[in-house]
2 protein chains.
Amino acid sequence: MRAEQKERTRLALIAEARRLFAERGYADVGLTEITAAAGVTKGALYHQFDGKAALFRAVLESVHQEVGGHVAAAAEAEADLWTGFAAGCQAFLTASTDPTRRRILLVDGPAVLGWAEWRAFDEAASAFHLEEAVAGLMRAGLLPERPTAPLTRLLSGAMNEAALWLASEPSALDDTRRALTELLESLRCR
Amino acid sequence: MRAEQKERTRLALIAEARRLFAERGYADVGLTEITAAAGVTKGALYHQFDGKAALFRAVLESVHQEVGGHVAAAAEAEADLWTGFAAGCQAFLTASTDPTRRRILLVDGPAVLGWAEWRAFDEAASAFHLEEAVAGLMRAGLLPERPTAPLTRLLSGAMNEAALWLASEPSALDDTRRALTELLESLRCR
DNA sequence: CTATTTCGCATACCGACGGTATGTCAATTG
DNA sequence: CAATTGACATACCGTCGGTATGCGAAATAG
């Protein structure tokens with residue numbers, strides 16, 4: 001079938017683009033290199049995507065879905081609401097630190113798509129879980145009742161930055177996980 | 001004097017580049033437009049800087065210095081150690097939200113220079129104050145004794161993200177300032 | 001089983017961009 | 001005042017993202 005062939009090309013382009021973007025960054029990778037790695041030509045790329053930014057968007061989407069999946073899985077594996085929340089945060093930290101995701105997700109993402117669009121993706125994936133969790137914890141009396149959005153942004157940013165930092169200081173992993181746990185605990189209602 | 005002329009050209013290029021980068025982002029502004037706005041040609045630019053990225057580096061440096069100055073001024077205006085810390089954080093939030101700084105500092109900065117180099121700039125300016133403050137608060141017994149670096153990164157990231165978010169939700173300013181204050185207070189030793 | 005259409009993709013090409021090599025002229029210096 | 005420096009302009013190059021067009025195989029109709 002032709003549709004299968006089309007999908008194969010799409011997936012190959014996304015996979016190779018993701019690999020190269022993760023290694024060297026969006027700006028330093030040309031379409032020629034991506035298409036060559038995927039075994040097609042620029043014509044194929046422009047048949048599948050609206051341009052370089054659109055290809056990046058597709059890559060970012062796959063990254064976001066993976067991260068969101070890890071976060072949700074870790075959170076749901078815990079019975080307790082608070083424990084699930086903490087586990088989700090740690091899972092987010094781990095998933096975002098992964099070198100196949102970090103740069104695409106946290107560095108190039110906002111710059112290429114603009115922060116507003118990047119945030120829309122973030123919201124649809126991992127940040128959605130985070131804000132839902134925050135809201136749930138407030139309802140359960142585990143966090144003080146406040147507007148959820150600002151706290152969610154603060155927490156999201158803290159974890160994003162920590163993930164980037166861990167890339168350059170991998171030995172600080174344990175300390176960082178502890179610091180994150182303590183930060184969350186300090187917010188908890190007693 | 002010739003040196004004065006050189007400095008004038010440098011400053012004009014930095015000023016115009018900053019304005020344009022802040023408005024439309026690094027990738028969408030060509031050197032032709034920058035040099036035209038500064039009243040010189042590309043030759044002058046390449047005489048002063050090693051390239052587009054080097055010009056951006058100079059721009060980022062000026063932004064960082066401004067932010068660092070605001071943070072330090074706000075912190076030193078308070079007599080109390082903790083109050084100065086909190087004021088510095090709020091000042092950082094305000095200074096980073098400014099549209100002439102936000103995009104350059106928080107979005108394009110990491111993408112253009114790479115996160116590692118961006119962080120070196122951050123460290124030299126505002127993050128230095130932050131980590132010093134955290135260390136001082138631990139010595140004074142106002143924060144639990146822990147490794148300073150992870151907590152500093154978490155706080156820095158939280159404020160960065162909040163600043164970006166405020167750009168799209170300016171009405172949330174008060175809520176966000178409160179949320180930041182409460183976050184800091186919750187960390188404080190009692 | 002051919003004729004025709006469809007569509008995934010390759011090829012060839014364009015304008016614009018970042019970057020470089022070279023030229024020029026005023027300010028400095030001895 | 002001759003020689004030199006250096007701040008800058010001009011002209012040019014290679015490469016990139018993007019577009020227009022054509023081809024050939026698979027799907028579909030008669």
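Q: Leu55(B): buried or exposed?
A: Leu55(B) is buried, because its relative accessible area is 0%, and the cut-off for buried is under 20%. Bear in mind that this is a predicted model.

Q: Where is Leu55(B) found?
A: Leu55(B) belongs to helix H4 of chain B, which covers residues 52-76.

Q: And what is Leu55(B) in contact with, leaving aside its neighbours within four places in sequence?
A: With those neighbours set aside, the contacts of Leu55(B) are Leu13(B), Ile14(B), Ala17(B), Ile34(B), Leu45(B) and Phe49(B).

Q: How far apart are Leu55(B) and Glu23(B)?
A: From C-alpha to C-alpha they are 16 Å apart in space, and 32 residues apart in sequence.

Q: Next, Thr35(B). Where is it found?
A: Thr35(B) is in helix H2 of chain B, residues 31-38.

Q: Is Thr35(B) buried or exposed?
A: Thr35(B) is buried, with a relative accessible area of 4%.

Q: What is Thr35(B) in contact with, again leaving aside neighbours within four places?
A: Thr35(B) has contacts with Leu13(B), Val40(B), Thr41(B), Lys42(B) and Leu45(B).

Q: Switching to rings. How many aromatic pairs are there over all chains?
A: A search of the whole structure gives ten aromatic pairs. One of them joins Trp115(A) and Trp118(A), with 6.4 Å between the ring centres and 40° between the planes, so the pair is tilted.

Q: Why is that pair tilted, and not stacked or edge-to-face?
A: Stacked needs planes under 30 degrees apart and edge-to-face needs over 60.

Q: How are Trp115(A) and Trp118(A) placed in helix H7?
A: They are three residues apart in H7 of chain A (residues 115-139), so about one helical turn separates them.

Q: Which residues form an aromatic cluster with Tyr26(A)?
A: Phe21(A) and Phe56(A) form one cluster with Tyr26(A).

Q: What sits over the ring of Tyr26(A)?
A: The charged end of Lys52(A) does, 4.2 Å from the ring centre. In chain B, Lys52(B) lies over the face of Tyr26(B), at 4.3 Å from the ring centre.

Q: Which residues lie nearest the centre of the largest cavity?
A: Leu106(A), Glu161(A), Leu164(A), Leu106(B) and Glu161(B) do, out of 18 lining residues. By class, the lining has twelve nonpolar, four polar and two charged residues.

Q: Which helices supply at least two residues of that lining?
A: H6, H7 and H8 of chain A do, and so do H6, H7 and H8 of chain B.

Q: Last topic, chain A as a whole. How many helices and strands are in it?
A: Chain A has nine helices and zero strands. Its C-alpha atoms fill a box of roughly 60 × 35 × 30 Å along the principal axes.

Q: What share of chain A counts as buried?
A: Of its 190 residues, 52% count as buried. Among chain A contacts between residues at least 6 apart in sequence, 67% join residues at least 24 apart.

Technical notes
Residues numbered from 1 in each chain as written. Chains lettered and ligands numbered in written order. Predicted model: local features only at pLDDT ≥ 70, side-chain atom pairs only at ≥ 80, totals over all residues. Heavy atoms only, no water. Phe/Tyr/Trp six-rings, centres within 6.5 Å; stacked < 30°, edge-to-face > 60°. Helix = DSSP H or I, 4+ residues; strand = E, 2+ residues; numbered from the N terminus. Lys NZ or Arg CZ within 6 Å of the ring centre and 35° of its normal. 1 Å grid on protein atoms, 1.4 Å probe; cavity = no way out; pocket = protein on both sides within 12 Å on 5 of 7 lines; lining within 4 Å. Nonpolar A, V, L, I, M, F, W, Y, C, P; charged D, E, K, R; others polar. Buried < 20%, exposed > 50% of the residue type's maximum accessible area, 1.4 Å probe, protein only. Contact = heavy atoms within 4.5 Å.
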